[in-house]
Amino acid sequence: MVSKAHMSGERSVFRSIFKNVSVLTLGRIANALCSFIYIALAVRALGLSDFGLLFLIHSLASTSSVLSRMQSWQTLIRFGSESFGNGDTDLLHRVIHFCIRLDTISAACAIVFGLVGVQIYGHTAHWSAHVRFLADLYMFVSPLMYSGWANGILRMAGKFHLVPIIDSCAALAKTLGVIIGYVLHLKLGYFLFIWAMTIIIDYGFYIHYALDILRRKFQFRYFRAFRHWRWQLPGMWQFTRAASVNQTLGNISGHVATLLVGNGLGPAEAAVFRVCRQIADGIVTPAQLISPVLYPELVRMRDRQDWRGLKRVTWKMFGVLSALSLALLLLSAFFGSTIFRFLLHVHVHHTSLYISIMLLAAVFSLLVIPLEPLLIVVGHVKFLMKSRTAVMAVYFPALYVLTRHFGLAGACLSTAVCNATILLSQILGVWFFYDRIGKSKA
């Protein structure tokens, strides 16, 4: 029998999750509405080929950013959540300082990776010297694509209402910039500048709000973070390393896939692939927002050693997302190609098929959402890292080969199979570790 206290606690967790997801969805809706405008106008202003170059350069910068990231927000919540709630200022400062140092190292690495990536990819893709120069400049905003520790502070403090404000401001700035570029018939360099300014605005807001929270409650000083470079709690670095490898492989797959399609088929096809993926991801976005909300809640349940509640919440979320996935697949079958034609203002054969396959891939990723945080929270992040590494080692070569032989259909199918394999590995992981959850701490 499940006690009334447990049932009440689970209902409280669900209310918190869906309340925060609803708030985050507002920002994503504003972003999606703006993207319909700025993508459509950017394609009309640049043409499909130059628009593809814009996406490829942005993907290079995103790849360098993702490759260099240490998942400082996960480390912050994992090791700082209890001290944040209890007001343990000294320990919390040390954990935040550790995460700031991680992000500083990541920022330096992102620029180096980006500049090297431009030289290699630009040569293999036969980019002109002008395009390479623009790409080199764009790489300097790659460190600002990740707000790491600041994002962790907002999630830990439950300030989810700030995220739609940030998203909306950045989206409106990008839309306004693109409208000006469209009216004045400006070229690729201008649109890259607008994309870069949007990244700077987004990053600036996150840092401002995070520092404001810390200064008000904990008298925090940012530059004190660089005093003690060697400090860490037991297991902190090992957790960060494993979580970072797992998350990096998950985040990087979309950007690398776009780059491989662009290298194999050209920038126009890369734009089609990227937009099909963006439409699919956009359709499942509200459900994907459960991920950043669910992880802090599971950490709190782990800290209370509420193992039964933690398992029940995970499976209930899995059931909700499974039902939602069926509805989303039906939605894409009816409206996918209509959205594509509106965005790109061009007719491309088989777009309904491409979008349907990419939505299936997105659904597989969606179903991973409740499983991955569970495995991380109960201490099996190394399993996630190893299984995802094995899948990605097969996925990237397979994607390139299938793209060269079967075009965009091959790229989409390989992506769906990759995501299905990741989902299967995590289901097996949960099944294998399920009976052990909480026993060592009972």
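Okay, let's start at a loop: glutamine 219 sits between helices α7 and α8, where a helix is a DSSP run of H or I at least four residues long, a strand is a run of E of at least two, and numbering goes from the N terminus. Glutamine 219 has a positive phi of about 50 degrees, although it is not a glycine.

Before I go on, a word on what we're looking at. This is a predicted model, so local features need pLDDT of at least 70 and side-chain atom pairs count only at pLDDT 80 or more, while totals for chains, interfaces and linings use all residues. Residues are numbered from 1 along each chain as its sequence is written, and side-chain values use heavy atoms, with hydrogens and water left out.

Back to loops. Histidine 185 is another non-glycine with a positive phi, about 60 degrees here. You'll find histidine 185 in the loop between α6 (162-184) and α7 (188-218). Is histidine 185 buried or exposed? Exposed, with a relative accessible area of 63%; the cut-offs are under 20% for buried, over 50% for exposed and partly exposed in between, using a 1.4 Å probe and protein chains only.

Now the overall picture. The protein has 14 helices and zero strands. Of its 442 residues, 55% count as buried.

Zoom in on tyrosine 138: leaving aside neighbours within four places in sequence, its contacts include Ile57, His58, Met145 and Trp195.

Valine 43 is in helix α1 and counts as buried at 6% relative accessibility. The C-alpha atoms of valine 43 and tyrosine 182 are separated by 9.3 Å, though the two are 139 residues apart along the chain. Histidine 130, in helix α4 (residues 129-138), is exposed at 53%. Histidine 130 and glycine 189 are 59 residues apart in sequence and 9.4 Å apart C-alpha to C-alpha.

Last stop, the second largest pocket. A pocket is an open set of points on a 1 Å grid over the protein atoms alone, where a 1.4 Å probe fits, with protein on both sides within 12 Å along at least five of seven lines; lining residues have an atom within 4 Å of a point. This one is lined by 14 residues, with Leu60, Thr63, Gly117, Tyr121 and Leu259 nearest its centre. Which helix gives the largest share of the lining? That's α3, with six residues, while α1 (4-68), α3 (89-124) and α8 (236-265) each supply at least two.

And one more histidine to finish: histidine 255 lies in helix α8 and counts as buried at 18%. Beyond its neighbours within four places in sequence, histidine 255 is in contact with Ser59, Ser62, Thr63 and Val66.

Conventions:
Contact = heavy atoms within 4.5 Å.
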